Amino acid sequence: MNKNLLLMKIHYFVGIGGYAPLIPFLPTMAKQRGYSSFIVGFIFALMPIPGMLAKVIFGSITDKYNCRRLVFVLSAILTSLLVLIMLLIPNTNTNEEIDDSDAIRSPLFWLFWTTVTLFATTATIKNVLEDTICMDLLGENKHQYGGQRLWGSIGYSLLAIASGLCVDWYSKEQEFKNDTPCFVIALICFILDIFVVSNIKVVQESPYTKRVSSDVKKLLTEVRILAFIVWVVLFGFFVSFIWNFLFWYLEDLSMLYHPETKSWIKTLQGLAILIQCFGGEVPSFFLSGYILKRVGHMNVFSVMFFVYALIFFLFSIIENPVYVLPVEILSGVAFALFYSGAISYADLLSPSGAEGTVQGVVGTALTGIGTPIGSFVGGYMFKMIGSIASFKILSVLVLITCIVQIIVNQMINRFSNNSNIKTTSSKGQPEVGIDFKL
């Protein structure tokens, strides 16, 4: 048994699982504070911007100065401290929606936003490093990445349902949900993660040279690569509606059609993540290497865009929040295959010594550009036309994106003069980075 890969699996379990009690519940926590969907969209639109810069900056720094392990451990420590601060922020619960201008003028709002933004920033840094380190540890077996990352989905799903159950139990017979259990569970996970990442051996042998830097710049000018980054941005845009507004949507369905589910809505929300992860993400991460090898990255992206169109359409016609649960299987499949494809494709493109830099660029496209734009647009749409109408419009937009992506990829394959892009392999030998099924 490879000790470092075992520790990597444990890290994914507690390090990613630790976000489950917080990230999906933050929008409804903000809603309970009286913030409108527009304000929540504003929070989640601004929140990733520092992380967008941090991904590229720290990816380059850790490549250049050979300090991935140090930054990895420090990010884990800082994450724990920020969760503790969030736990101590005063909570104001209300059934009335606060006027947007009054909310923005409140010091408590900016304290809340600053803390969750710093929390998200450390998460993005840690995310780039964990995937880069995992790829390095896998060596020539990079197709096994999904088998490592699936443990993050397992931890995320189990801790999400546990958090939902604990909040419903802890808030029994109270007017408002008490989210204290979420912060406690997350804090325990992140403290454990500090000890785990401190013992992971980080393999970082290839030097970051001026030639490598030049290779990265050249890589980012290729039409095929620019198109890939656009698809990642669009994926981030669409997936942000699920990440940030799924629980909001479930509470809307509960209030409009099935108020009897209100007393156990947090459990239902946690169950949605459990099914998404175990029913969709875990098997898809496990099979991702096999699927990507035989279907090709770009073909997988096309299918996943179509799947998201189907997901949003189903969301728009559902009235009982319980019926969202089987749809979440599709959501898990789509996320796992697209994310695995993006990470492995980026690694295949990376010149040796610049893995963190390229992963940082892709991560920035996903959570630094696509997700913030989607969060802002989502908040505005939910406020102006409601959650159900928003999903109807989204289903059409994703379907159009799917068609355009297929056409563009066919045109690139037919007319592009740079289908063979030379990179440098992990063993330092030239290889064709993209001359395989796309």
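Predicted model: local features only at pLDDT ≥ 70, side-chain atom pairs only at ≥ 80, totals over all residues.
User: Which residues make the nonpolar surface patch?
Analyst: Tyr380, Met384, Ile385, Ile393, Val396, Leu397, Ile400 and Val404 make the patch, which covers about 710 Å².

User: Which elements give two or more residues to it?
Analyst: Those are α15 (355-384) and α16 (387-415). The largest share, five residues, comes from α16.

User: Where is Met384, and is it buried or exposed?
Analyst: Met384 is in helix α15. With a relative accessible area of 52%, Met384 is exposed, because exposed means over 50%.

User: Switching to rings. How many aromatic pairs does the structure hold?
Analyst: The structure holds 30 aromatic pairs. One of them is formed by Phe119 and Phe190, which are edge-to-face, 6.2 Å centre to centre and with 70 degrees between the planes.

User: What does that pair tie together?
Analyst: Phe119 lies in helix α7 (residues 107-138) and Phe190 in helix α9 (residues 180-197), so the pair ties together parts that are 71 residues apart in sequence.

User: Are Phe119 and Phe190 buried or exposed?
Analyst: Phe119 counts as buried at 1% relative accessibility, and Phe190 is buried at a relative accessible area of 0%.

User: What about Phe237 and Phe238?
Analyst: Phe237 and Phe238 also form an edge-to-face aromatic pair, with 5.2 Å centre to centre and 80 degrees between the planes. Phe237 and Phe238 are both buried.

User: Last one: where does the charged end of Lys31 sit?
Analyst: The charged end of Lys31 sits over the ring of Trp248, 4.9 Å from the ring's centre.

Methods. Residues numbered from 1 in each chain as written. Heavy atoms only, no water. Patch = residues over 30% accessible without salt bridge, like charges linked within 9 Å, V, L, I, M, F, W, Y side chains within 5 Å. Areas by Shrake-Rupley, 256 points an atom, 1.4 Å probe, with all protein chains shown as cover. Salt bridge = Lys/Arg side-chain N within 4 Å of Asp/Glu carboxyl O. Helix = DSSP H or I, 4+ residues; strand = E, 2+ residues; numbered from the N terminus. Buried < 20%, exposed > 50% of the residue type's maximum accessible area, 1.4 Å probe, protein only. Phe/Tyr/Trp six-rings, centres within 6.5 Å; stacked < 30°, edge-to-face > 60°. Lys NZ or Arg CZ within 6 Å of the ring centre and 35° of its normal.
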